[in-house]
Amino acid sequence: RRGDRPFPVLGLSALLEGRVGSDLLAGRMVLLGVTAESVKDQFATPLSRRSGEYQYGVLVHGEAADQIVRHALDGESPLRALPGWAESLWVGACALAAVSLGWTIHGNWRLAFANAAALAAVVAVALAAFLWASLWIPAVAGLYAWVVGAFLSAVYATRFESAQRATALGLFSRYVPRSVAFQVAERMKIP
């Protein structure tokens, strides 16, 4: 939470030789650890993806201790997750919203734009909840539910529309010869 280099890292020799002022250590938690390549005390963290560097074990412990202290002393809220029923409700709401959007917006380009905007909104809601409320909302599950809901809605709408057109063509062909009905349907772009 405090960035790539949240703590000052001091060498033990500088500390033992007195080159580190006592004001730098006063009122602070001090962790001793090894930061040598040969010890193999390195871990991949989310920060490793950005910087390309692994974090030493003492820094990982420092991050954990810092989080506990911020929670205890500063009142910072810890990361929370939705209960299982709320996650299910979130995923179901995403799927239902995608289906209802597919039935209310007509036109391929408008529907594609609306779905893209809605997918961005799902990510934005999850990110906002994470940043401002320390609440973990399963964004990937919501995105997946949205995509599946939109796909199933489009398939159903296509099938429903084709069935309606076939019914209309069948009814029309009762009153005119079938070849004429097909010619009229072809000119009107009815499959």
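**Close-ups of a predicted helical model**

**View 1. N115, a buried residue in a helix.** At 14% relative accessibility, N115 falls under the 20% cut-off, so N115 counts as buried. Keep in mind that everything shown here comes from a predicted model. N115 is part of helix α6, which covers residues 108-133.

**View 2. Helices α7 and α8 cross at an oblique angle.** Two packed helices are described by the angle between their axes and the distance between those axes. Here, the axes of α7 (residues 139-175) and α8 (residues 178-187) come within 8 Å, and they cross at roughly 135 degrees. That angle makes α7 oblique to α8. As for handedness, α7 passes α8 in a right-handed crossing.

**View 3. The side of α7 that meets α8.** Zoom in on the contact and you'll find L169, F172 and S173 on the α7 side. Across from them, α8 brings R178, A181, F182, V184 and A185.

**View 4. W103 and Y156, a tilted aromatic pair.** The model has two aromatic pairs by the ring-centre rule used here. In this one, the rings of W103 and Y156 sit 5.5 Å apart, centre to centre, with 55 degrees between their planes, and the pair is tilted. The pair links distant parts of the chain: W103 belongs to helix α5 (residues 84-104) and Y156 to helix α7, 53 residues apart.

**View 5. F130 and W136, an edge-to-face pair.** What makes the pair of F130 and W136 edge-to-face? Their ring planes are at 85 degrees, and planes over 60 degrees apart count as edge-to-face, so the pair gets that label. The ring centres of F130 and W136 are 6.0 Å apart. With 33% relative accessibility, F130 counts as partly exposed. W136 is partly exposed too, and its relative accessible area is 46%.

Terms used. Residues are numbered from 1 along each chain as its sequence is written. This is a predicted model: local features need pLDDT of at least 70, side-chain atom pairs count only at pLDDT 80 or more; totals for chains, interfaces and linings use all residues. Side-chain values use heavy atoms; hydrogens and water are left out. Axes are lines fitted to C-alpha atoms, for helices over the stretch in contact, and angles run from 0 to 180 degrees between N-to-C directions. Helices (H or I, at least four residues) and strands (E, at least two) are DSSP runs, numbered from the N terminus. Angles under 35 degrees count as roughly parallel, over 145 as roughly antiparallel, 65 to 115 as roughly perpendicular and the rest as oblique. A crossing is left-handed if the near helix is turned anticlockwise from the far one by less than a right angle, and right-handed if clockwise. Contact means heavy atoms within 4.5 Å. Buried means under 20% relative accessible area, exposed over 50%, partly exposed in between (1.4 Å probe, protein chains only). Rings of Phe, Tyr and Trp (its six-membered ring) pair if their centres lie within 6.5 Å; planes under 30 degrees apart count as stacked, over 60 as edge-to-face and the rest as tilted.
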